[in-house]
Amino acid sequence: MRPVTTTPTPTGVDVVLPCLNEAEALPWVLARIPPGWRALVVDNGSTDGSADVARALGATVVHEPRRGFGAACHAGLAAADADIVCFCDCDASLDPALLVPFVREVRDGRADLVLGRRRPESRGAWPAHARAGNLALTRMLRRRTGLRLKDLGPLRAARREALLALDLTDRRSGYPLQMMVRAADAGWRITEHDVPYRPRTGASKVTGTWRGTWQAVRDMSRVLAEAPAHPPVRGGSPR
């Protein structure tokens, strides 16, 4: 069920949905895209007909042949043309309707980057090894940037031009973390809000195994070793 809002839904928003074999989850996800928003499903080499399902359900499909979560996310960002761009996983673990207050916060100038802190609805929603990797990375992020965040979750919203100006280069699992590191280096106002986290539909491509989690942590550790970006890039919200 969609959350009830007491104010109109902001319009003119693009939602980037990186997708690799998510045909089963797509109907649930796309049905929850807020009215007036555009779903950009970035097909990253699916073999289960995901692109056809997304297109039939009214989404704009972007094809990114180079494998990698960051490659898919950045292809979606490059294809977006709305002022505000959101990111959401395409596996039905997160409800894109939850992005409505995130967008409002960015649009009202109260934050430059808004993140969702995942709160599992059941024991199986977030495996222990994935939580352990997330905890280790948030601690490393705090040491690197001073940000006291609890999650590196994929649900997020920011202004498109400001995101492009961060010049993100990671095309693997480090992309979401690099966004946070470079935003912090640039002095962006970053906020975090609890969001319910459901068991995903289908098998995870990254954190479904200890090996996948370790590879993701390794990718992200390289991002944390980056020197601070210079000069800083502001977040673009009115001050």
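**Exercises on a predicted model**

Helix α4 (residues 100-107) is mostly covered, with 6 of its 8 residues buried. Buried means under 20% relative accessible area, exposed over 50%, and partly exposed in between (1.4 Å probe, protein chains only). Helices (H or I, at least four residues) and strands (E, at least two) are DSSP runs, numbered from the N terminus. The model is predicted: local features need pLDDT of at least 70, side-chain atom pairs count only at pLDDT 80 or more, and totals for chains, interfaces and linings use all residues. Residues are numbered from 1 along each chain as its sequence is written, and side-chain values use heavy atoms, with hydrogens and water left out.

**Exercise 1.** Identify the buried residues of α4 and the elements that cover them.

*Solution.* Step one: the buried residues are V100, F102, V103, R104, E105 and V106. Step two: their cover includes β1, β4 (84-87), β5, β6 and β7. Step three: just after the helix, G109 takes a positive phi of about 80°.

**Exercise 2.** Determine which strands pair with β5, and in which sense.

*Solution.* Step one: two strands pair if DSSP finds at least two bridges between them. Step two: β5 (residues 113-120) and β6 (residues 156-159) are antiparallel and share 3 bridges; L113 has A158 of β6 as its bridge partner. Step three: β5 and β7 (residues 190-197) run parallel and are joined by 8 bridges. Here R117 is bridged to D194 of β7.

**Exercise 3.** Describe the second largest pocket by its volume and its lining.

*Solution.* Step one: on a 1 Å grid over the protein atoms alone, a pocket is an open set of points where a 1.4 Å probe fits, with protein on both sides within 12 Å along at least five of seven lines; lining residues have an atom within 4 Å of a point. Step two: the volume is about 250 Å³, taken as the space filled by probe spheres set on the points, which are joined across faces, edges and corners. Step three: 14 residues form the lining, and R117, N134, L135, T138 and K150 lie nearest the centre. Step four: α5 (128-145) and β5 each supply at least two lining residues, and the largest share, 6 residues, comes from α5. Step five: the lining divides into 4 nonpolar, 2 polar and 8 charged residues. Ala, Val, Leu, Ile, Met, Phe, Trp, Tyr, Cys and Pro count as nonpolar, Asp, Glu, Lys and Arg as charged, and the others, Gly among them, as polar.

**Exercise 4.** Locate D170 and list what its side chain reaches.

*Solution.* Step one: D170 stands in the loop between α6 (160-165) and α7 (175-185). Step two: D170 counts as buried because its relative accessibility is 15%. Step three: a polar atom of its side chain lies 2.7 Å from the backbone nitrogen of R172, and the side chain reaches the backbone nitrogen of G174 at 3.1 Å. Step four: leaving aside residues up to four places away in sequence, D170 touches G70, Y175, Q178, D219 and V223, where contact means heavy atoms within 4.5 Å.

**Exercise 5.** State the phi values of N21 and A92, and whether each residue is buried or partly exposed.

*Solution.* Step one: most residues other than glycine have a negative phi. Step two: N21, in the loop between β1 and α1 (26-30), has a positive phi near 55°. N21 is partly exposed because its relative accessible area is 29%. Step three: A92, in the loop between β4 and α4, has a positive phi of about 70°. A92 counts as buried because its relative accessibility is 2%.

Technical notes: Polar contact = N/O pair within 3.5 Å; in protein donor to acceptor, adjacent residues only side chain to side chain.
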